[in-house]
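Please read this briefing with the sequence and the coordinates side by side.

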Amino acid sequence: MILEYKPSDGVSILLSSLLPAIEDDRLEQTVSFECETQPMNKFNLVVKGNKIDSSRFGSTSNLQSPVSLPFGSYKVTFNDDDLCIQETIQGGFLFIYQRIL
């Protein structure tokens, strides 16, 4: 999973005198997971590593976790290769994915 962050307008205004062009800064966090398959279409995700890339400060090496950290579980309730519906075990949220290509 890749998450991208940018400074909010308030932070940009507050720090613009200290860090020129802060509004153009980006921080990209890459989190790697391992998926454990369980019976009845259930999957458990565990965090295995983390890497951070910064447009201003460079990047960190890929930090591997010495232990598996639980992240979440879900079950696939429907999948026909064009549409996939997943339900989280924690809270019962639904995620609906549609193939667009």
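What follows is a short account of a predicted model, taken topic by topic.

The largest nonpolar core is made up of five residues, namely Phe43, Leu45, Tyr74, Val76 and Cys84, and the elements that contribute two or more residues to this core are strand 3 and strand 5. Two members of this core, Phe43 and Tyr74, also form an aromatic pair.

**The aromatic pair**

- The structure holds one aromatic pair, formed by Phe43 and Tyr74, whose rings are stacked with 5.3 Å from centre to centre and 25° between the planes.
- This pair links distant parts of the chain, since Phe43 belongs to strand 3 (residues 42–54) and Tyr74 to strand 5, with the two residues 31 residues apart.
- Phe43 and Tyr74 are both buried.

- In strand 6 (residues 83–88), the covered face carries Cys84, Gln86 and Thr88, whereas the uncovered face carries Leu83, Ile85 and Glu87.
- In a regular strand, side chains alternate between the two faces of the sheet.
- Strand 6 pairs with strand 7 (residues 94–98) in the antiparallel sense over five bridges, and within this pairing Glu87 stands opposite Leu94 of strand 7.
- Strand 6 and strand 7 form a hairpin with five residues between them, and in its turn Gly91 has a positive phi of about 95°.

**Ser73 in strand 5**

- Ser73 lies in strand 5 (residues 63–79), and Ser73 counts as buried because its relative accessibility is 14%, under the 20% cut-off.
- The side chain of Ser73 makes a polar contact with the side chain of Asn44, at 2.4 Å.
- When neighbours within four places in sequence are left aside, Ser73 is in contact with Lys42, Phe43 and Asn44, and also with Glu87, Thr88, Ile89 and Gln90.
- Among these contacts of Ser73 are Phe43, which is a member of the aromatic pair, and Thr88, which is on the covered face of strand 6.

**Asp25 in a loop**

- Asp25 is located in the loop between helix 1 (9–15) and strand 2 (27–38).
- Is Asp25 buried or exposed? Asp25 counts as buried because its relative accessibility is 15%.
- Not counting residues up to four places away in sequence, Asp25 touches Tyr5, Lys6 and Pro7 as well as Ser55 and Arg56.

Conventions
Residues numbered from 1 in each chain as written. Predicted model: local features only at pLDDT ≥ 70, side-chain atom pairs only at ≥ 80, totals over all residues. Heavy atoms only, no water. Buried < 20%, exposed > 50% of the residue type's maximum accessible area, 1.4 Å probe, protein only. Helix = DSSP H or I, 4+ residues; strand = E, 2+ residues; numbered from the N terminus. Pairing = 2+ DSSP bridges. Polar contact = N/O pair within 3.5 Å; in protein donor to acceptor, adjacent residues only side chain to side chain. Contact = heavy atoms within 4.5 Å. Phe/Tyr/Trp six-rings, centres within 6.5 Å; stacked < 30°, edge-to-face > 60°. Core = buried A, V, L, I, M, F, W, Y, C linked by side-chain atoms within 4.5 Å.
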